[in-house]
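Me: I would like a close look at a single part of this protein, taken slowly and with the terms spelled out.

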Amino acid sequence: MELKRVVVTGIGSLTPIGNNVTEMWDALLAGVSGADVITYFDTENFKCRIACELKGYNPLDHFDRKVANRLDRFTQYALVSVDEAVKDSGFLDGDVDRDRVAVLWGSGFGGISTFQSESIEFYKGGCIPRFSPFFIPKTITDICPGQISIKYGLRGPNFSTSAACASSAVSLGEAFHLIRLGKVDVAVTGGSEAAVSETGIGAFSSMQALSTRNDDPKSASRPFDKDRDGFVLGEGAAALILEELEHAKARGAKIYAEMTGFGATADAHHITAPHPDGIGAASAMRLAVEESGMRLEDVVHINTHGTSTPLGDIAEPKAVARLFGDHAKNISLNATKSMTGHLLGGAGSLEALITVLTIKNDVIPPTINHFTDDPLIEPLDFTFGHPHHREVSFALSNAFGFGGHNVSLAFRKWC
């Protein structure tokens, strides 16, 4: 069968460094950190007291109070980012077959804050089971695609994906394949997370996964730096509208970039640690390039998973060096989590969106907070300190997750 071509026609975001795409992109190029002391709850007894929270977000700017109270923050964030992407794309402005529009959404935790608050109220009330009737609809991860489809009347395939921090990257990959196989014409896809809570911070702290640089939050997320001490938890959402090329051209759509490949593998190694040699990560990147019909030598840029964790920041550059050989030194890598923090299940879609903008604008946002080289990390070009202006014709966006999940998404310039 003839495989369809897939293009990106709309984007939307809600992030710790900007409440829309324009604000976020400007902040990325300026090297702005979204990290600060946590304001959502009292952190006095917590080892980690910093995070990348949203700034100036008010749910009542987007939802009626009654509606907002029935939505966990991760669903609110999804709906806000999708609204921007849908308006940007304009695919619903004309005559569209809504039976052929998919909604695929990724989240690692779902409504963790709702689960926490309902559990607290249960115990406060003497363990009498008086739960909100919205407890389950606010908590389950697949409520996001459900709410999106209800809002816009989209009746195509509708489901959520969960692969830890690779969750939303899997959503994009599956949406890409649905269009490529001719199952649907359009897909609304992305991911969201809202885990900045006592439970989220406390649980990751117990794993020693979070930075505890509480006295200097702006420089706490230090991907590929010798003194990195863990990631900074972030929150927010990112949405992309993927569309079959001829469908997009027929309506005169604006095209940001073409999505060309999806590689997914497992490390089969450890529940939290990556394979030390990056074998699974390298295989995922290779598969994405192969599906694109491109050569390894065509890759110009990689938006790395780059979390600022001791093991992960060693394994991923090893994977790049292993796969690309001598060409690795010609690739501009970056780690935008140094600015946005780690959006967990929403990270893959956010970094895919950033990769799309990188291709469109031919400028690679920097990796900030680099102070000391780590001799254990492959000496590659990590775009430290300042944006790098170069033509970006073909790029990858990587996302990895606990359980050994590896995903690489491939995009190329549309012209």
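How much space lies in the largest pocket, and which residues of its lining are the closest to its centre?

Reply: This is a predicted model, in which local features need pLDDT of at least 70, side-chain atom pairs count only at pLDDT 80 or more, and totals for chains, interfaces and linings use all residues. Residues are numbered from 1 along each chain as its sequence is written, and side-chain values use heavy atoms, with hydrogens and water left out.

The largest pocket holds about 570 Å³ of space. A pocket here is found on a 1 Å grid over the protein atoms alone, as an open set of points where a 1.4 Å probe fits, with protein on both sides within 12 Å along at least five of seven lines, and a lining residue has an atom within 4 Å of a point. The volume is the space filled by probe spheres set on the points, which are joined across faces, edges and corners.

The lining of the largest pocket is made of 32 residues, and Thr-272, Pro-274, Thr-309, Gly-312 and Phe-402 are the closest to its centre. Helix H11 (312-324), strand E13 (394-401) and strand E14 (405-412) are the elements that give two or more residues to this lining, where helices (H or I, at least four residues) and strands (E, at least two) are DSSP runs numbered from the N terminus. Among them, H11 gives the most, with five residues. By class, the lining of the largest pocket divides into 13 nonpolar, 16 polar and three charged residues; Ala, Val, Leu, Ile, Met, Phe, Trp, Tyr, Cys and Pro count as nonpolar, Asp, Glu, Lys and Arg as charged, and the others, Gly among them, as polar.

Helix H2 (65-69), H3 and helix H6 (143-152) each supply at least two residues of the lining of the second largest pocket, and H3 gives the most to it, with five residues. The lining of the second largest pocket has six nonpolar, five polar and six charged residues.
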